[in-house]
Amino acid sequence: MKVLIQYTQTGKYRDQAWEAYMLRAKGDLHAVTPSYAAQLIKQNKAHLFTTEDSDIVIEM
C-alpha cells in the first residue's frame, strides 16, 4: 500500500534504501509508503494529498 503525497521542497528523495535517489520538484505528486510519507510530512518536505472531500488517496 502507498499513499499519495505532494512535495513542498525540491530535492532528491528515495522511498526505499535500495532505490536510487530521484529528483522531485516542488508540487510533484508521488506514491510512497506511509512511513516515508510520515517522515517527509514531519520534516515539512511534503504534505498528504487528499481529494476534494478530504479523502486520503491510497494506491494498492
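View 1. The model is predicted: local features require pLDDT of at least 70 and side-chain atom pairs pLDDT 80 or more, while totals for chains, interfaces and linings use all residues. Residues are numbered from 1 along each chain as its sequence is written, and side-chain values use heavy atoms, without hydrogens and water. Helices (H or I, at least four residues) and strands (E, at least two) are DSSP runs, numbered from the N terminus.

**View 2. Helix α1 (residues 34-42) buries Tyr36, Ala37 and Leu40.** Buried denotes under 20% relative accessible area, exposed over 50%, and partly exposed in between (1.4 Å probe, protein chains only). Exposed Ser35 and Lys42 sit on the face turned away from the buried side.

**View 3. Arginine 24 is located in strand β3 (residues 22-24).** Its side chain forms a polar contact with the side chain of histidine 30 at 2.9 Å. A polar contact is a pair of N or O atoms within 3.5 Å; within protein, one must be able to donate a hydrogen and the other to accept it, and residues adjacent in sequence count only if both atoms are side-chain atoms.

**View 4. Strands β1 and β4 pair in the antiparallel sense over 4 bridges.** Two strands pair if DSSP finds at least two bridges between them. Isoleucine 5 has histidine 30 as its bridge partner in β4, and leucine 48 in β5 stands opposite isoleucine 5.
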